[in-house]
Amino acid sequence: MEAKTLFDKIWDDHVVHSIEGGPDVLYIDQHFIHEVTSPQAFNGLRERGIPVFRPQQTIATADHNIPTKDQDLPIKDELSKKQVEQLAENCNQYGIVFFGLNHPDNGIVHVVGPELGYTRPGMTIVCGDSHTSTHGAFGTIAFGIGTSEVEMVLATQCILQTKPGKMQITVNGSLQKGVTSKDIIMYIISRISNSGATGYFIEYTGSAIREMSMEARMTICNMSIEMGARGGLIAPDETTFEYLNKIPLITGNPNINNSFKKWQNISSDPDAKFDKKFKFDASFVKPMITYGTHPGMGMTIDDTIPLAEEINSESTGSYLKSLDYMGFKPGMKVLGHPVDYVFVGSCTNGRIEDLREFARLVKGRRRASNVTVLIVPGSKRVEQQAIEEGLAAILNEAGFELRQPGCSSCLAMNEDKIPAGKYAVSTSNRNFEGRQGPGARTLLASPLTAAAAAVTGRITDPRDLLR
Amino acid sequence: MPKVKFDVLESTCVPLPFENVDTDQIIPARFLSATSREGFGDNLFRDWRFDKSGDRNMEFSLNNPDYRGEILVTGKNFGCGSSREHAIWAVYDYGFRAVVSSFFADIFKNNALNNGLLPVVISDKLLKNLLHLVHNKPDTRVRIDLHEQLFAILPSGEHARFEINPYKKECLIKGLDDIDYLLGIQNLIKDYENRINALK
């Protein structure tokens with residue numbers, strides 16, 4: 001038999017039908033929806049007069065536009081309120097489980113899926129959100145889709161997809177102190193570029209990946225889309241099984257032993273062929289930061305912004321426009337640059353481990369007076385755990401406040417906006433123009449680098465504070 | 001999904017000579033709170049078209065009265081970032097029927113094809129020539145023939161074949177959509193489910 005990659009195996013297992021010369025009809029095991037990209041899909045079902053085909057295979061949560069304070073009060077923004085109410089109504093009408101505001105399982109869709117056990121090895125998972133790639137950390141084919149495709153999944157549990165190419169990214173070596181998985185993925189993106197993986201699905205492998213926790217792996221897979229890839233996945237191993245073994249939804253399943261046995265064999269064949277391969281050494285990676293307006297514009301925190309001459313001449317115009325937006329110049333350093341805002345959270349870095357890292361660095365220090373800090377847990381469970389572990393107390397003592405869960409300042413659909421012209425160190429995934437509010441200037445970084453900025457008020461190498 | 005047909009399009013172009021235009025620029029997140037598909041064109045490229053006080057930025061090509069037409073011509077990696085289909089609805093609602101670039105982000109391309117907006121990929125060189133021509137002569141007309149998969153700059157005669165999946169091409173020409181197709185094979189989907197459940 002022909003050697004197959006893990007991606008091939010899962011994909012091939014889910015092909016219902018292949019259209020000649022066209023896309024495959026791919027069966028979707030698990031579908032997640034949220035308030036922003038689903039209403040038009042439900043409207044489509046109504047116009048066609050058809051039901052949701054497999055309502056038990058869709059889970060809904062409200063996350064994108066919700067406030068991260070006073071969640072027990074009605075949502076102030078009328079349009080956001082209407083959108084969340086619409087989702088509740090749609091779920092009610094079609095029999096879909098919905099984690100609304102204040103539900104103990106509410107949170108960012110890519111945080112709650114894994115933590116509740118809806119994300120399991122070998123699955124196909126989609127959601128109307130490009131960071132669905134996060135779930136790939138569990139050995140799944142998980143990717144973002146548009147609203148028309150959300151409607152397809154609701155209507156038929158399938159979508160039409162052309163099989164992407166296969167890319168392998170190997171990361172060996174051990175992470176230096178003060179370096180996190182966020183820095184690793186930002187480093188990879190800076191090397192491969194923001195479009196270098198377009199048309200591919202990535203498998204991450206290598207000793208550095210193997211040594212990572214599930215949370216760290218989710219951060220890696222989460223940002224696959226920032227290289228243009230549809231998704232990224234990691235073969236399940238003991239770390240995965242240990243994580244899954246703590247989840248009631250999984251351990252409560254009577255077939256659990258069979259499942260674990262099956263999951264143990266989910267991996268690429270040793271001689272499987274990839275269309276493209278990259279290899280990186282994690283031990284060379286230092287804390288990373290972005291200086292421009294897409295995630296490919298990243299560098300080591302103490303580096304200088306590339307000169308225009310170092311950029312492909314065709315791209316110089318876009319490059320300078322980007323730096324101009326940021327208020328930066330070629331050749332300058334961002335280290336030491338004053339910071340106005342810090343955002344910790346999102347589906348990239350809003351998990352318990354991220355809050356632990358942030359708390360570890362700020363413990364015994366104080367918030368810098370010039371910085372406004374938003375710390376937003378990824379879910380109600382993360383929020384609860386942060387309180388129980390004493391992280392919330394550490395944050396309070398250092399002059400910070402733990403807010404309530406949601407996507408928040410990552411895309412600033414709610415009130416958590418960064419004002420025009422202000423600089424924000426953000427643990428999220430996108431530094432696009434206006435992403436965190438019109439005119440906002442975003443510098444992506446790890447939770448440790450965010451913590452260093454929060455206590456010093458400047459772009460600071462977190463390693464200087466960990467010594 | 002709206003069922004629209006695409007056949008042959010001949011039009012002048014609107015140039016947007018930037019690379020890596022992400023979907024947050026096409027339609028900023030703060031305008032995603034609607035629950036219908038209509039009206040997104042008003043906020044297409046909102047923060048580039050309008051300044052902070054809400055006045056038109058006359059330097060931006062969409063506000064330049066010289067540039068008109070149903071074809072948007074833009075730099076590589078157009079539509080990267082968020083999967084929001086609202087970006088397509090905005091481009092379409094504004095009046096564009098095709099986007100020409102040397103490279104599109106994956107999700108944007110899929111979303112476009114699902115809404116009758118044709119993404120046309122041409123070479124870097126041809127794109128550069130086209131942008132240059134349109135800049136100098138805004139009345140430059142372009143012809144996109146989906147049947148023949150042919151892209152042509154009419155005054156210069158430069159032309160190139162563009163790629164499109166044969167299934168998607170047929171859908172666009174006939175005005176069919178994927179949901180109709182999937183609903184038509186529901187028996188195959190149920191067979192698949194039965195096969196999988198038997199293995200469990």
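Student: Before anything else, what counts as two residues being in contact?
Tutor: Two residues are in contact if their C-beta atoms, placed from the backbone, lie within 7 Å. This is a predicted model, in which local features need pLDDT of at least 70 and side-chain atom pairs count only at pLDDT 80 or more, while totals for chains, interfaces and linings use all residues. Residues are numbered from 1 along each chain as its sequence is written, and chains are lettered from A and ligands numbered from 1 in the order in which they are written.

Student: New topic: what is the strand order in the open sheet of chain B?
Tutor: That open sheet has 7 strands in the order β4-β3-β2-β1-β5-β6-β7, with mixed pairing, and two strands pair if DSSP finds at least two bridges between them.

Student: Which strands stand at the edges?
Tutor: β4 (118-121) and β7 (159-161) of chain B do, and each has a single partner strand, so one side of each is left without a neighbour in the sheet.

Student: How do β1(B) and β2(B) pair?
Tutor: They run in the parallel sense and share 4 bridges; B:Leu16, for one, has B:Thr74 in β2(B) as its bridge partner.

Student: Now the helix α5 of chain B: which of its residues are buried?
Tutor: In α5(B), B:Leu127, B:Leu130 and B:Val134 are buried, a residue being buried if 20 or more other C-beta atoms lie within 10 Å of its own, exposed if 12 or fewer, and partly exposed in between, with C-beta atoms placed from the backbone.

Student: Where do those buried residues fall around the axis?
Tutor: Seen down the axis of α5(B), they fall within an arc of 65 degrees, so they line one face of the helix; the arc is that of the directions from the helix axis to the C-beta atoms. On the other side of α5(B), B:Lys125 and B:Asn136 are exposed.

Student: What do the buried ones pack against?
Tutor: The buried residues of α5(B) pack against β1 (8-16), β2 (71-74), β3 (98-101) and β6 (150-153) of chain B.

How values were computed. Helices (H or I, at least four residues) and strands (E, at least two) are DSSP runs, numbered from the N terminus.
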